[in-house]
Amino acid sequence: MISRKLKEYIGFGILRLATLIILLALFAILYFVAVNGIKVINWQFLTQMPHSGMTAGGILPAILGTFYLVVCAICFALPLGVAAAIYLTEYAKQGKLIRIIRIGINNLAGVPSVVFGLFGLAVFVKFFGFGISILSGGLTLGILILPTIIRASEEALLVVPQSFREASLALGATKWQTIRKVVLPNAISGMLTGSILGIGRAAGETAPILFTAVTFYTMRLPRSIFSEVQALPYHIYALMTEGTHPETQIPVAYGTALVLVFLVLGIDSIAIVIRNRFRRRKKW
Amino acid sequence: MVDKVTSHQSPVTSKKDVRISIRNLNIWYANTQVIKNVRLDIEKNRVTAIIGPSGCGKSTLIRTINRMNDIIPDAKVKGEILLDGKNIYGDDIDVVEVRKRVGMVFQKSNPFPKSIFENVAYGLKINGFISAGGRSASGGKKKGQLMERVEQSLKDAALWKEVKDRLGDSAFDLSGGQQQRLCIARALAIEPEVVLFDEPCSALDPTATAKIEELIQKLKKKYTIIIVTHNMQQAARISDFCAFLMLGELIEFDKTDKIFTAPSEKVTEDYITGRFG
């Protein structure tokens, strides 16, 4: 018989170990990318156009391209996702139909990203005639992150205490006033958390933009939302699979990966700062 | 069908003193009937208490009076509740208007996560009041009255002295009893005619409870008050009329003195003497 104390010790030990392994994996990735990528990172790398067949110069167009794609995706998906979440949790009569819609949204989250790419190609590029462009890619990425945003927003709305809604309604507020003045201000931090996750995903995805937005090389920076762009994840992919100078391309790919990681972390921290500002005001 | 409840003589003496008249009210949650054929007249400027064992439908009944049950899915209401002679469940009724006229204070104090001032001002703002410095959307008629009204409401709720120097602090910095009085001030700010209290003291200590009870006594000069309470001493102390509810049926409704000294029903006596409940 092992004592209860020992059992507890072993139990917590396993949990602690699991956490450690995860942390270790995370740091290993960051370390690996950093060590291999840091060599090529310098000011020129971040601010200049590439030249000599991608083996020299900078990756500015890819950085900007990814940034534009993410902004476009968020501009499209955030309002739409938040609106859908408000409708689903606050207005819609809970029943079979809403359950089916929810299942549908959850399944959308499980669809492989390359399928979204094909969808974007068929619908945005061809049907709407947006061509290979920031707009097509941004919309495709937007649809990809919609389920994340909807689900996070719904959860954020559901944790707003029902008693706040009751208090507001009992004061003669309409449902809309209640949502706008009481529910949303208290849910917004959770909604931002959802979009943080979405941003990370949108910035890192390759497949959805493969057929809808990106090109391996452009001479010019994008000039409108109808321009095709370079993007960081695709740039890495292209450097590793195409071209004839792997010995110079591979370090550039690692450098690009490092930039991508930091870009995502950067966007995330902006959102985290905004979220914390909202969160400091809430105390229940 | 024999209507058991109507067999009681209504204790309200004159018809013109009736503010709310509940007639043949039946309520179901899904398929469970929780209120059965209740008839009740609420006299104005009086405190009417609703007592009864847990799960008897007290809260359901009181929440029906400002249609707060509308937000519960599967709740079904049949019958009439006349507010100054007009059925609040009628087809031509604006629920928002009903709730402006019938305010409510909840069991657990539920201030908004805003400042003390903003909590009281909330109901005023959504009803078109604007602060002195704010822009005037409705022609500025109500401009500047906001601060006055907030102050008056806090005074009416006996909270002004304690918070006047810190109106900008979060409502969550107040004690439990103060929070509940803030919720009362918030309800009073929009000048309702009736104020419903759903076990307002159940989460408070005796001192805070005494303050709220004292307050309710004062408020009846201006408002019609209905209070649900678990605490029979409380009902005896503060109410003028008392309704005893059990398993969704109104067992007895009379002047509070009568209920507590000479109840007509055996079961009422058993309950108030603590034989069950």
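Guide: B:A158 sits in the loop between helix 4 and helix 5 (160-163) of chain B. Helices here are DSSP runs of H or I with at least four residues, strands are runs of E with at least two, and both are numbered from the N terminus. This is a predicted model, in which local features need pLDDT of at least 70, side-chain atom pairs count only at pLDDT 80 or more, and totals for chains, interfaces and linings use all residues. Residues are numbered from 1 along each chain as its sequence is written, chains are lettered from A and ligands numbered from 1 in the order in which they are written, and side-chain values use heavy atoms, with hydrogens and water left out.

The phi of B:A158 is near 55°, a positive value in a residue that is not glycine. Most residues other than glycine have a negative phi. B:A158 counts as partly exposed, because its relative accessibility is 40%. Buried means under 20% relative accessible area, exposed over 50%, and partly exposed in between, with a 1.4 Å probe and protein chains only.

B:E199 lies between strand 7 and helix 7 of chain B. B:E199 is not a glycine, yet its phi is positive, at about 45°.

Helix 7 of chain B covers residues 206-219, 14 residues in all. At 1.5 Å a residue, it should span 20 Å, and its end C-alpha atoms are 20 Å apart, so the two agree. The expected span is 1.5 Å times one less than the number of residues.

Next, the sides of this helix. B:A208, B:T209, B:I212, B:E213, B:L215, B:I216 and B:L219 are buried. Seen down the axis of helix 7 of chain B, the buried residues fall within an arc of 160°, so they line one face. The arc is taken from the directions from the helix axis to the C-beta atoms. An α-helix has 3.6 residues a turn, so residues three or four places apart point the same way. On the other side of helix 7 of chain B, B:P206 and B:T207 are exposed.

What covers the buried residues of helix 7 of chain B? The cover includes strand 3 (47-51), strand 7 (194-198) and strand 8 (224-228) of chain B. Helices of chain B are also among the covering elements: helix 4 (145-156), helix 6 (176-189) and helix 8 (232-238). Contact means heavy atoms within 4.5 Å.
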